[in-house]
Amino acid sequence: MKTPSRFILYAIVFFAFFDLFAQLPIMSTFAVSVGASSFIAGFSIAIYSLTNTFGNILSGIWTDRNGPYRVLVLGLFLTSFSLLTYQFVDSASMLLFVRFVHGFMAGLIVPAAFTLSANVTATNRQGKKVAITGSFVGLAAIVGPAFSGIVASMTSPPTVFLFVSLFGWIILFLTVITMRRGQMIDVKTKTDDEPVKPDSRVIRAYWGAFFLMFSQGALAFLLPLHVQTLGYDSRLSGTLLSMFGVVAVLFFLLPTNRLFDRFSPTKLSALGVAIIGTSQLLIGQASVQSGLYGVLALYGVGFAILFPAINTLLIQSTSPQNRGKAYGAFYAFFSLGTVAGSSFLSALSLSVIQQFTLTGVILWGASLLFMMSSLKRGRMF
């Protein structure tokens with residue numbers, strides 16, 4: 001893929017996650033403002049992730065059958081259009097309907113984008129390229145919440161979605177202009193229904209995605225509560241998450257990204273899960289700002305190691321003919337992990353520190369399973 005097209009692909013990845021992260025600071029308050037109860041406000045957040053899962057799976061199937069370019073164009077168009085419909089939300093029921101549609105449409109983009117990136121990248125550079133792509137995910141995690149928070153405070157939540165939609169239309173236009181004549185954008189063959197074989201590396205990639213986002217869901221749920229319990233301003237939660245994002249982006253872009261092509265992705269996955277598990281344990285014990293910043297920086301390192309490693313596992317165990325389905329399932333596990341991380345912990349009658357400890361123990365158990373599975377090739381765990 002030519003360099004301009006590669007940058008457009010990065011922009012698509014950034015847009016998909018920018019859309020996601022921009023929702024976080026404003027969705028619950030927006031839901032309440034249109035008459036939703038606290039339960040409906042929470043459900044409006046969960047329903048996005050749930051329908052996003054189905055969009056991911058369908059995107060994977062369509063990508064293998066029709067090529068990633070067509071799915072990207074369709075996903076960008078439908079997502080940008082669905083973002084405009086927030087302007088007409090005036091009730092809780094209307095909000096749930098819009099969230100349902102938005103989540104599904106947005107789910108079409110990411111599997112197709114990562115499939116296209118994997119298909120046009122040399123095998124011996126997959127780890128490094130995934131790390132660079134991951135940096136745009138981290139950048140979206142830094143910019144998205146700050147952007148929406150500022151714009152919503154000056155205008156309104158629907159205006160945030162309007163700006164995100166306009167960004168999507170621009171990306172769609174540039175995608176059509178730069179990629180339409182590409183020679184490698186639609187990697188597909190007559191065997192477009194080739195199934196994803198239950199290779200142990202595929203299973204590890206799926207579970208890695210689940211545990212990564214399980215940790216993220218737990219962090220999003222517990223960190224604000226922990227900060228509040230310690231008596232700090234709620235804005236500290238945002239700056240702590242920014243610290244994690246900044247460290248992850250730096251790790252992706254600096255020469256540290258070379259390690260992804262030098263070491264086994266399974267061992268790196270085990271290391272990444274262990275680091276974020278350790279971070280969860282330490283967050284619950286941290287009581288001063290400097291300690292919290294240090295632990296969130298460590299979390300950023302774990303995220304930066306795990307994300308490219310599990311993507312590399314998936315790429316190495318699939319072919320261009322079935323990679324779309326694999327990425328569809330992969331990002332479905334992302335969505336399910338986010339829901340599980342927050343909903344599972346919120347159902348337990350434990351203190352915040354105990355919940356952080358439980359999350360860390362679960363992740364350390366997952367890390368051990370990764371190591372055991374790497375020693376027993378060909379078996380699933």
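Predicted model: local features only at pLDDT ≥ 70, side-chain atom pairs only at ≥ 80, totals over all residues.
Q: Leaving aside neighbours within four places in sequence, which residues is Val143 in contact with?
A: Residues are numbered from 1 along each chain as its sequence is written, and side-chain values use heavy atoms, with hydrogens and water left out. Val143 lies in helix α7, residues 126-154 (helices are DSSP runs of H or I with at least four residues, strands are runs of E with at least two, and both are numbered from the N terminus). With contact meaning heavy atoms within 4.5 Å, the partners of Val143 are Phe14 and Phe18.

Q: Is Val143 buried, partly exposed or exposed?
A: Buried means under 20% relative accessible area, exposed means over 50%, and partly exposed lies in between (1.4 Å probe, protein chains only). Since its relative accessibility is 34%, Val143 counts as partly exposed.

Q: Among contacts between residues at least 6 apart in sequence, what share joins residues at least 24 apart?
A: One example of a pair separated in sequence is Leu363 and Ile276, 87 residues apart along the chain, with C-alpha atoms 7.5 Å from each other. Leu363, in helix α14, also touches Phe211, Ser215, Val273, Gly277 and Gln280. For the chain, the share is 85%.

Q: Why does Ser59 count as buried?
A: Ser59 has its place in helix α3, residues 38-66. Beyond four places in sequence, Ser59 touches Val71, Gly107, Leu108, Pro111 and Ala112. Ser59 counts as buried because its relative accessibility is 0%.

Q: What distance separates the end C-alpha atoms of α3?
A: The expected span of a helix is 1.5 Å times one less than its number of residues. The 29 residues of α3 should therefore span 42 Å, and the distance in the model agrees, at 42 Å.

Q: Which residue meets Asp64 in a salt bridge?
A: A salt bridge is a side-chain nitrogen of Lys or Arg within 4 Å of a carboxyl oxygen of Asp or Glu, and the count by this rule is 1. Here the N to O distance is 3.3 Å and the partner of Asp64 is Lys325. Asp64 lies in α3 and its partner in α13 (residues 323-346), so the pair ties together parts 261 residues apart in sequence, the partner being Lys325.

Q: What accessible area do Ile170, Phe173, Leu174 and Ile177 have together?
A: Patches take residues with over 30% relative accessible area and no salt bridge, joining like charges within 9 Å and nonpolar side chains (Val, Leu, Ile, Met, Phe, Trp, Tyr) within 5 Å. Leu174, for one, is in helix α8 and counts as partly exposed at 31%. Areas come from the Shrake-Rupley method with a 1.4 Å probe, and for residues only the protein chains shown count as cover. These four residues form a nonpolar surface patch of about 390 Å².

Q: Over which residues does pLDDT stay under 50?
A: The chain averages a pLDDT of 84, and 90% of the residues score at least 70. The stretch under 50, with 14 contacts beyond four places in sequence in the model, covers residues 187-192.

Note on methods:
pLDDT = per-residue confidence, 0-100.
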